Amino acid sequence: MNTPIRLYMSMSLDGYIAGPDDRAGQELGRNGGRLFNWLDDRESDGPSGQVYREALATGALISGRRTFELARRWQGDHHDGVPIFVLTHHVDDGDVPPGHARFVTDVADCARQARTAAGGRAVMVHGAGAAQALLRAGQLDEMEIHLVPVLLGGGRRLFDHLGSDHIELDLVRRLDDRDVTHLRYRVRQPEEAA
């Protein structure tokens with residue numbers, strides 16, 4: 001796999017990526033910031049630092065529209081000027097995203113554009129909606145889940161709307177650090193899962 005499309009997502013043990021009532025001004029929901037305490041070690045030489053550096057070495061970003069808007073469109077630059085492909089159902093006339101961002105309405109086309117733009121580096125994915133759409137379309141290659149030992153009890157789940165298809169995963173890496181376990185899974189293609 002030359003240019004993997006890889007989800008990067010912090011998640012509670014009960015499957016939430018944001019606490020209840022996530023919205024503008026409270027982007028991570030109530031108590032959702034707890035999922036990102038591991039970023040306190042992002043400058044370290046340990047596992048969390050390694051994972052953070054890998055994320056910033058990606059060559060393009062695919063984001064869901066909701067994530068993009070809650071992040072205030074990242075002012076058009078997520079990291080290092082990489083292209084941002086915002087997967088959305090609809091684009092309003094005159095709505096031009098800032099900087100390096102562009103809207104894309106077709107999942108397969110979005111994946112193709114992002115892989116091409118990444119120049120051989122991995123493509124980062126943000127957002128539950130984008131992750132689910134890419135999984136359903138067979139376009140998500142890997143998932144880097146930052147599993148945090150907390151039960152949020154409510155909020156936005158990562159895998160709520162996948163449908164009934166069975167998806168097999170292979171654990172390819174596990175890195176334990178303070179307050180988080182970084183798990184990387186390879187998504188098996190349907191012909192492999194049979």
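Buried means under 20% relative accessible area, exposed over 50%, and partly exposed in between, with a 1.4 Å probe and protein chains only. In a regular strand, side chains alternate between the two faces of the sheet.

I noted that this is a predicted model, in which local features need pLDDT of at least 70 and side-chain atom pairs count only at pLDDT 80 or more, while totals for chains, interfaces and linings use all residues. Residues are numbered from 1 along each chain as its sequence is written, and side-chain values use heavy atoms, leaving out hydrogens and water.

E1 covers residues 5–12, and eight of its eight residues are buried. Strands (E, at least two residues) and helices (H or I, at least four) are DSSP runs numbered from the N terminus.

Next I checked the neighbours of E1. Two strands pair if DSSP finds at least two bridges between them. E1 pairs with strand E6 (residues 123–126) in the parallel sense over three bridges, and Ile5 has Val123 as its bridge partner there. E1 and strand E7 (residues 142–148) run parallel and are joined by seven bridges; Leu7 has Met143 as its bridge partner in E7.

Then I turned to Arg65, which lies in helix H2 (residues 65–70). Its side chain makes a polar contact of 2.9 Å with that of Glu69 and one of 3.2 Å with that of Thr88. A polar contact is a pair of N or O atoms within 3.5 Å; within protein, one must be able to donate a hydrogen and the other to accept it, and residues adjacent in sequence count only if both atoms are side-chain atoms.
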